Amino acid sequence: METSQNTYMGGSITREYRASDLKQAYGILDIAMGEIWVLNLPDDVVDVITSREGVLQFSQRGQRVVIGATASTGSYPILVMTADSVYFFQARLAPSRGGGVRNIIVRADQAPEPEQQIPGFPTQAAPTNALPQTSMPVATPASPTTTRTPASTPAAASLPASTARTSPATTSTPTRTVTSQVTPQPAASPVPVPVSLPARADVEFRALTNGQQTRVYYRITNSGSVPVTFDERRLTLNGVQGLGATDAVVRVNPGETKYGQVDLTTAPTSINAQWQGSSVDGQAAAEVMRTVTVERLGAS
């Protein structure tokens with residue numbers, strides 16, 4: 001029986017978001033006192049933080065986060081972090097509406113379809129021999145009494161006048177074997193071979209603070225053709241190397257994206273970030289320098 005026709009079932013409590021949307025904008029959660037909100041994430045949750053402790057209560061297990069409110073007014077940001085992503089929500093508190101449960105589902109991003117062709121290179125290799133294979137029939141010795149002219153007259157016409165002769169109808173001399181000479185044409189140009197790109201990584205930073213502690217998030221995308229590694233101990237923030245590092249060495253394969261974070265015990269307004277990565281074989285390096293504006297969390 002469908003929910004709309006079942007008198008023992010209430011209205012729909014489920015709302016869906018796309019993961020890519022929650023990485024760029026807030027998902028609004030209108031939480032009233034006495035309600036339970038369940039967030040269903042596509043990956044296991046590793047941490048949940050908000051700007052004010054005690055106003056919201058969290059319970060996390062696996063891919064789910066259960067939220068309840070202890071206040072009836074205010075608006076507070078919520079950051080839900082998984083191993084690879086950070087999702088943003090805004091909790092808007094309200095007085096009790098009689099309780100209830102709300103179910104939020106975050107759908108994972110679909111993997112991009114593979115490219116059909118690399119720009120600048122053909123999808124199929126050109127043939128190594130552009131000329132069709134030419135075979136000429138070889139004349140066999142004729143009968144002692146009769147010799148027939150070969151059926152391929154155009155081939156005979158292309159021979160030099162000294163060799164393209166037609167034997168009389170009655171002769172006892174065997175036909176002479178003639179080989180056609182074909183001038184070879186220039187071979188097709190070879191297909192260009194793509195040259196391997198050096199170590200190349202795109203690093204993005206985002207910093208959030210609650211006034212006492214600052215958390216710096218980073219995202220590394222390997223756009224080169226060789227694996228690269230970044231050591232958090234070599235991450236320089238405001239001129240200090242290894243500040244807030246977790247001794248993590250991040251390896252990023254070609255075409256892969258990795259996420260991470262480091263914590264600071266201060267609350268600056270901006271951060272100068274400098275980080276150098278290197279290819280696994282140590283033959284190439286990728287360096288990034290950024291000035292990051294620190295965003296302040298707080299009630300709106």
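Trainee: In this model, is T82 buried or exposed, and what is its relative accessible area?

Mentor: T82 is buried, because its relative accessible area of 6% falls under the 20% that sets the limit for being buried. Please keep in mind, as we go on, that this is a predicted model. As for its place in the fold, T82 is found in strand β7, and once its neighbours within four places in sequence are left aside, its contacts are D43, D44, V45, V46 and Y87.

Trainee: Which residue shows a case between buried and exposed?

Mentor: Take S20, whose place is in helix α1. S20 is partly exposed, with a relative accessible area of 27%, because that value lies between the limits of 20% and 50%. The C-alpha atoms of S20 and V106 are 9.4 Å from each other, although 86 residues separate the two along the chain.

Trainee: What does L56 touch, if residues up to four places away in sequence are not counted?

Mentor: On those terms L56 touches T50, I67, G68, A69, T70, I78, A91 and L93. L56 lies in strand β5, which covers residues 56-61, and is buried at a relative accessible area of 6%. One of the residues that L56 touches is I78; the two are 22 residues apart in sequence, with 9.4 Å between them from C-alpha to C-alpha.

Trainee: How do I read a nonpolar core, and how many residues has the largest one?

Mentor: The general idea is that in soluble globular proteins nonpolar side chains tend to be buried together. Here the largest nonpolar core has 24 residues, and those with the most contacts inside it are L29, L39, I67, I78, V80 and F89. At least two residues of this core come from each of α1 (19-22), β2 (27-32), β3 (35-40), β4 (45-50), β6 (64-69), β7, β8 and β9 (100-107), and β8 gives the most, with four residues. To follow one member, look at V80, which touches L39, L41, V45, D47, V48, V65, S85, V86, Y87 and F89 when residues up to four places away in sequence are not counted. Apart from this core lies another, of 21 residues, among them A201, A207, I220 and W275.

Trainee: W275 brings me to the rings; how are aromatic pairs read?

Mentor: One looks at the distance between ring centres and at the angle between ring planes, and by this rule the count comes to five aromatic pairs. The rings of F205 and W275 have their centres 6.5 Å apart and their planes at 40 degrees, so this pair is tilted. F205 lies in strand β10 (residues 201-209) and W275 in strand β17 (residues 270-279), so the pair ties together parts that are 70 residues apart in sequence. Both partners are buried, F205 with a relative accessible area of 15% and W275 at 0%.

Trainee: Which kind of aromatic pair do Y218 and W275 form?

Mentor: The pair of Y218 and W275 is edge-to-face, with 5.0 Å from centre to centre and 75 degrees between the planes. Because Y218 lies in strand β11 (residues 214-222) and W275 in strand β17, this pair ties together parts 57 residues apart in sequence. Y218 counts as buried too, at 4% relative accessibility, and F205, Y218, F230 and W275 form one aromatic cluster.

Terms used
Residues numbered from 1 in each chain as written. Predicted model: local features only at pLDDT ≥ 70, side-chain atom pairs only at ≥ 80, totals over all residues. Heavy atoms only, no water. Phe/Tyr/Trp six-rings, centres within 6.5 Å; stacked < 30°, edge-to-face > 60°. Buried < 20%, exposed > 50% of the residue type's maximum accessible area, 1.4 Å probe, protein only. Contact = heavy atoms within 4.5 Å. Core = buried A, V, L, I, M, F, W, Y, C linked by side-chain atoms within 4.5 Å.
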